[in-house]
Amino acid sequence: MNCPECDATLNIPDDAAVGEIVSCPDCGADFEIAKKDGSNVELKQAESVGEDWGE
Amino acid sequence: MNCPECDATLNIPDDAAVGEIVSCPDCGADFEIAKKDGSNVELKQAESVGEDWGE
Amino acid sequence: MITIKIGGSVVDDLHPSTIADIKKIAESEGVILVHGGGKEVTKVCEQLGKEPKFVTSPSGIKSRYTDKETAEIFTMVMSGRINKTIVQMLQKNGINAIGLSGVDAKVIEADRKKKLLIVNEKGRKQAIDGGYTGKIREVNASFIKSLLDQGLTPVISPIAISEESEFLNVDGDRAAAYVAGKVGSDKVLFITNVDGLLMDDKVVPKLTLAEAKEIRPKIGPGMEKKILASTEALDMGVTTALIANGQKENPISSAISHDN
Amino acid sequence: MITIKIGGSVVDDLHPSTIADIKKIAESEGVILVHGGGKEVTKVCEQLGKEPKFVTSPSGIKSRYTDKETAEIFTMVMSGRINKTIVQMLQKNGINAIGLSGVDAKVIEADRKKKLLIVNEKGRKQAIDGGYTGKIREVNASFIKSLLDQGLTPVISPIAISEESEFLNVDGDRAAAYVAGKVGSDKVLFITNVDGLLMDDKVVPKLTLAEAKEIRPKIGPGMEKKILASTEALDMGVTTALIANGQKENPISSAISHDN
Ligand SMILES: [Zn+2]
Ligand SMILES: [Zn+2]
């Protein structure tokens, strides 16, 4: 699968799960796996979430 | 044992325990068992405690 | 201004219209809520492996015996779970509520019972250590009034602070009576799950203070305590004491308009 | 006025002189306390059979994952047990304290985190549901000031209310920073169990805001959060942020006089 931003090849592990974040090795963009059906993977822009932890 | 108030005979059960309240059949005064050693019983004036209960 | 005593579960005990009803009255004249919640305390005690103890008074009233550990769990559940859940529910409906226990700003001060009179397992009267229950002595009325003046709705847990700063379990109905009396509410309302005081199967619509005092010893325990709290509130200058069923629509405004 | 962050256990964490020290400063300039207590929450969760879940952030910070049930237990323990025990201890020593959670009078409002970024069991970054933690948005400063004006000492639990009136777990250090900043404390003090920030085995006596921001990423997790909270407080206008060991005598007045 290719990066939606720069078209570089993304390395998505076979056992990757929905919610996991995939980073593009070329442009550095982060994508979240939105759906996964066998080897069929749908990506969405990962929201940038700052770390903000409770007690 | 006799009532400290009116000298009437008090009826104190053999198995009465410290803290139990003994009422005089004649004058109606209440006494709390302060100490008990075999048949040796020491009484004290029972404080009048209103009922006041929590949740 | 009205002081309202509610149970521990807003969801189970009250008609869905109740919160909107509270909101209306909070905005027009001001509301103070006092809550109970003994059942939930018992549940958490059991979950924590603390067996609740109950004792029976010479006149037959059964109640919780509050040892130190129970007083601590009581405080945690009352002021941490029940109180905050009620505050949350009110906030969700646009009422700016503030939860308080009697320990906070010394809102309720009480004298710890040194001794309790109970009926023991042999059926005889016995004096035992009073545990952590108390008789209310003082209410921080000026602080509660300052909250009302800021548009807040106080939600008060039935926990008092003793002279030695211990947590004391106090009865919610009587706490509501004292708060109403000391803060100067003209009305106190006890919300319950029956329509009011029943005599010969009929709801008694109205009692004078003297009648209430006379009738009280003849009433069953749950309602008797509400009548006692009512007479205490009236003795402290509250004009009207109301008892109403929380499962009816708009339970507060209909109780105020004597629509029962 | 000073805002002080303390841990969850006054007895275990603080030198016996601390409460008298708080009293002196409460009387002279006014004190707001914010407390933690994560360890006690974990203990009660376990007693109630609720296994605590922890997650690790991409930068390696391990923290509690707060699902709905955990948020409810968190609220109960924080605002019902820890908060009231601190208030009781202060009252016992003549400080008229008032315990509040962020839900009460909307003292702390926060935005619920929609998503959290964690490192999953395969060591890869993953976005999960944010649970019930939040980023603080607003503090009801005018209400807190009105309490101080009445001579009260507010004791605040790290619980916030969300826009949907949910209970949110917020970090105690950052809650203290926001309270200090929004209420306008000139000082914020983080009490901990070490002497302060250590670099090359020596306590760093002083940092400018710029230095603190630069140095922060190089610091271990517990202290890093206090430095972050310090920089946030300073950004909001607090003049001085202090970190001090609570096990030293008069920890507050000596921190204020930079006597460490
Ligand atoms: Zn790319
Ligand atoms: Zn006699």
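I took helices and strands as DSSP runs numbered from the N terminus, a helix having at least four residues and a strand at least two. The model I examined is a predicted one.

**Entry 1: chain A**

For the surface, I recorded an accessible area of about 3,200 Å² for chain A, with 40% of it belonging to carbon and sulfur atoms. Among the contacts in chain A with a separation of 6 or more, residues 24 or more positions apart account for 16%.

**Entry 2: chain pairs**

Which of the three pairs of chains in contact shares the most contacts? I found that it is chains C and D. I also checked chain A against chain C: no contact joins them, and their closest C-alpha atoms lie 17 Å apart. For chain B and chain D I likewise noted no contact, with the closest C-alpha atoms 17 Å apart.

**Entry 3: helix 6 of chain C and its partners**

I began with helix 6 (residues 172-183) and helix 8 (residues 221-235) of chain C, whose axes come within 8 Å and cross at roughly 15°. Angles under 35 degrees count as roughly parallel, and helix 6 and helix 8 of chain C are therefore roughly parallel to each other. I noted the crossing of helix 6 and helix 8 of chain C as right-handed. On the side of helix 6 of chain C, the contact is made by Asp173(C), Arg174(C), Ala177(C) and Tyr178(C). Helix 8 of chain C contributes Lys225(C), Lys226(C), Leu228(C), Ala229(C), Glu232(C) and Ala233(C).

I turned next to helix 5 (residues 141-149) of chain C, whose axis comes within 9 Å of that of helix 6 of chain C and crosses it at roughly 80°. The range from 65 to 115 degrees counts as roughly perpendicular, so helix 5 of chain C is roughly perpendicular to helix 6 of chain C. Here Ala141(C), Ile144(C) and Lys145(C) of helix 5 meet Val179(C), Lys182(C) and Val183(C) of helix 6. I classed the residues of this contact as four nonpolar, two charged and no polar.

**Entry 4: Thr66(C)**

Is Thr66(C) buried or exposed? I found 0% relative accessibility for Thr66(C), which counts as buried. Thr66(C) is placed in the loop between strand 4 (62-65) and helix 4 (68-92) of chain C. Leaving aside neighbours within four places in sequence, I listed its contacts as Ala71(C), Gly131(C), Tyr132(C), Thr133(C) and Asn169(C). I also took the C-alpha to C-alpha distance from Thr66(C) to Ala229(C): 21 Å in space, across 163 residues in sequence.

**Entry 5: positive phi in chain D**

Most residues other than glycine have a negative phi. I therefore looked up two exceptions to this. Lys106(D), not a glycine, has a positive phi of about 50°. I located Lys106(D) in the loop between strand 5 (97-100) and strand 6 (108-112) of chain D. Lys106(D) is partly exposed, at a relative accessible area of 30%. Asn250(D) also has a positive phi, near 40°. I placed Asn250(D) in the loop between strand 16 (240-245) and helix 9 (251-256) of chain D. Asn250(D) counts as partly exposed, at 30% relative accessibility.

Methods:
Residues numbered from 1 in each chain as written. Chains lettered and ligands numbered in written order. Predicted model: local features only at pLDDT ≥ 70, side-chain atom pairs only at ≥ 80, totals over all residues. Heavy atoms only, no water. Contact = heavy atoms within 4.5 Å. Areas by Shrake-Rupley, 256 points an atom, 1.4 Å probe, with all protein chains shown as cover. Axes fitted to C-alpha atoms, helices over the stretch in contact; angles between N-to-C directions. Parallel < 35°, antiparallel > 145°, perpendicular 65-115°, else oblique. Left-handed = near helix turned anticlockwise from the far one by under 90°. Buried < 20%, exposed > 50% of the residue type's maximum accessible area, 1.4 Å probe, protein only. Nonpolar A, V, L, I, M, F, W, Y, C, P; charged D, E, K, R; others polar.
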